[in-house]
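Hi there,

I am passing a structure on to you, and I hope you enjoy looking through it. Please open it first, and then read my notes beside it.

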Amino acid sequence: PSGNGTSSLGRHTIRCLKKLQEKGKQLNLELNPSSVEGQGVLGTWKFDQKSIRAGLVEMIILDEMPFKSVEKEGFKRFMALACPMFKIPGRKAIREDCFRLFLEQKGKLRDYFKIKCGGRVSITTDSWTSCQNFNYMCITAHFVGKDWKLYKKVISFCKITSHKGIDLGDAIADSLEHWGLKNIFTVTVDNASANDTALLHLRDRLEEWGTNIVGGKYLHMRCIAHIVNLVVSDGLEEMGMSIRRVREVVRWVRSSPSRFAKFKECVEFHNIESKKMLSLDVPTRWNSTYYMLEAAVVFEDAFSSLERKDKDYKPDLKAKRYKNQEIGVPQYEDWKNAKVLMKYLKFFHDLTLIASTTSVVTAHRFLREFGKVFYHVEKMMNSRDDDIVRMGMKMKAKVDKYWSEKDCVNFRLNRLVYMAVVFDPRHKMNYPDHIFKKMCGEERAKVLVKELNDELEKLFEYYQSKMPPPSSSSPPKRRVQVATSSSPRSASDSDDSYDDYDPDDDYGKPQAGHTKSELEKYLVHPREYDDAEEEFDVLKWWKTNAMRYPILSEMAKDLFAIPMSTVPSESVFSTSGRVLDEFRSSLHPKIVEALICSQDWIRSSSSEFVEHLNGDDDDYEDQEDFVSVYNAIMVDEAEMRDHVSGHEGTSTSNVGGSDVFGSRSGTNQGGGSNASFVSLDE
């Protein structure tokens, strides 16, 4: 009978099967990792082709993998086991996805600058020559946001026509205009003469835009790490025989496996426990001399025992000559001299690391470390060792060239480094006054302090003219002590006569009843207590006191965002050297820029920035016609493949990054090839 059939059950079964097959409806259980080791959190997961593909694109960018990785047999087998439902895109599709992601995030970052960047932006820039024989320029932007956090973003890695100053200046200005970043505070560059020309050209462009501060007086910031390199490299030219003897014994041990085996026996005999390996220094990297000495002095006893282990040890080293003088085996005095030099080199090594830090504010630290440079150089000049004295004298000449203002104004020194320490509420004008007296004497210190006061007032007046009129209500005054462990430690914790100023000695304070400007009120207010056991978070202090000092707080944002070295730009060249190698030399410059910039943006440590980039997927492709741009790239890449294939067998020695300690593999700054930092002193 019709009333007892199974047609209803059949229709119900068909409808259920259709629902099960609908995309995104079926959820699976998964065990998500937990912060507690050995435990997890049970959750749900559903297959999403689009999300997995986006994750694959990020993996290609972050891990610097070739696009063809998705077509390799091993990857296909892995995905067949891990997620059989995922349809693996081809290398062309992945490349297109990477470029599309770059454009989307670029548009969001441009909006982010408009919304979150409360003040001016400081930039670093440097150039590099790839294995394609193309010149590239990297620009990184640094700013303190409205949330009082320090940000660093790579905003450009573009191909340039040459390393000439005019071309560099045009490329920097065009990139800044493209990003809408016309309020530039400082540009940190190395000491190549081409950069002087580039910044003069950029200064004219900023003048046209009407965003130049005080005629561009503070625009040019010289890289501290490069100057330290020049100082130390000059000093090491006077390296004595003791260091040469240490170098030769290291070279002798490393020259053959049998010698190294005998050396290891000596190390075990003396029970020397050290994970450091013997390394030779190279002429273009002064830090390699420090690393060589640091490792070698630990094995002093083992080297002394080698004479009994190998009969060729002493004769071989006695046969070595330097300027017709026998080198020989290092003696007790030689090891003693090596340890003394190592202590001085350690200070400069640590100072370079501090100057190269990008995750925390370092601008207010410079003057303090600056004083310690003078102190250590003076100690070297007063040493009992003639070799150390000669090194100290060479270093002093270079330090005076770039940093000394003992006799007159030094145009190579940007006085914003003085102002930054004034905006440290623990020091204000006290430390500049103290350090000027130590370096220049009482009379010259008075002149320098007055000049610093005048320049501070002019800069304050400029910011005051750009600020809206203050409200009538005045915020309550309260004293806040802010401590955190966010800042790097000092380059040296030794006794330092340049750092012994009295914290209670208040220099040149105006009388409390006669204060007029916000700047005077800040200077007359008692300084914050400096607890040596806890690091002071200067950004947090200014965030707390921004209502009390609205104009000064804007100045503080810009001053504390200044990068002290070009390391942020130079470190990108290490990435570019891996992205562009002999196996990927036909990549279009636009694709190279997309990979390098996207990697920096994806790795952003700021949760707020990540949230902004991962926000709603607006149509950012309207800002740049994706189809036309990408098609042009495809045509250019085909031409580049023909160009590269016609130059097979050419040297790729230019591949590489640069190093703040000396070596500049892969650079061609200022017209030279593979020049070291030493050669940039022109």
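First, some ground rules. This is a predicted model, in which local features need pLDDT of at least 70 and side-chain atom pairs count only at pLDDT 80 or more, while totals for chains, interfaces and linings use all residues. Residues are numbered from 1 along each chain as its sequence is written, and side-chain values use heavy atoms, with hydrogens and water left out.

**The whole chain**

The chain has 25 helices and 11 strands; both are DSSP runs numbered from the N terminus, helices being H or I with at least four residues and strands E with at least two. Of its 682 residues, 51% count as buried. Here buried means under 20% relative accessible area, exposed means over 50%, and partly exposed lies in between, using a 1.4 Å probe and protein chains only. Among contacts with a separation of 6 or more, 75% are between residues 24 or more positions apart, where a contact means heavy atoms within 4.5 Å.

Two strands pair if DSSP finds at least two bridges between them. Strand E4 (residues 135–144) and E5 run antiparallel and are joined by 10 bridges, with Tyr136 opposite Lys159 in E5.

Strand E6 (residues 184–189) is mostly covered, with six of its six residues buried. Three bridges connect E6 to strand E3 (residues 121–129), and these two run parallel; Val121 has Ile184 in E6 as its bridge partner. E6 is also parallel to strand E7 (residues 220–222), again through three bridges, and Thr188 stands opposite Met221 in E7. Between E6 and E7 the chain passes through helix H6 (residues 193–209), and this β-α-β crossover is right-handed. Right-handed here means that, with the strands pointing away from the viewer, the path from the first strand over the helix to the second runs clockwise.

**Helix pairs**

Helix H5 (residues 165–179) packs with H6 at an angle of about 40°, their axes 7 Å apart. The two are therefore oblique to each other; angles under 35 degrees count as roughly parallel, over 145 as roughly antiparallel, 65 to 115 as roughly perpendicular and the rest as oblique. Residues of H5 including Ile166, Ile172 and Leu176 meet residues of H6, among them Ala198, Leu202 and Trp209.

The axes of helix H7 (residues 224–236) and helix H13 (residues 332–355) come within 9 Å and cross at roughly 165°. That makes H7 roughly antiparallel to H13. In this pair, Ile224, Ala225, Val228, Val231, Val232 and Leu236 of H7 meet Leu341, Leu345, Phe348, Leu351, Thr352 and Ala355 of H13.

Helix H2 (residues 49–62) and helix H23 (residues 589–602) pack at about 105°, with their axes 9 Å apart, and are therefore roughly perpendicular to each other. Glu58, Ile61 and Leu62 in H2 meet Leu595, Ser598, Gln599 and Ile602 in H23.

**A covered helix and a buried residue**

Helix H10 (residues 286–296) is mostly covered, with nine of its 11 residues buried. Trp286, Tyr290 and Leu293 are among them, and the buried residues of H10 pack against H7, helix H8 (241–254), helix H11 (300–309) and H13.

Finally, have a look at Met391, which lies in helix H15 (residues 386–403). Met391 counts as buried because its relative accessibility is 2%. Leaving out residues up to four places away in sequence, Met391 touches Gly235, Leu236, Glu238, Met239, Leu341 and Met380. The C-alpha atoms of Met391 and Gly240 are 9.1 Å apart, although 151 residues separate the two along the chain.

How values were computed
Axes are lines fitted to C-alpha atoms, for helices over the stretch in contact, and angles run from 0 to 180 degrees between N-to-C directions.
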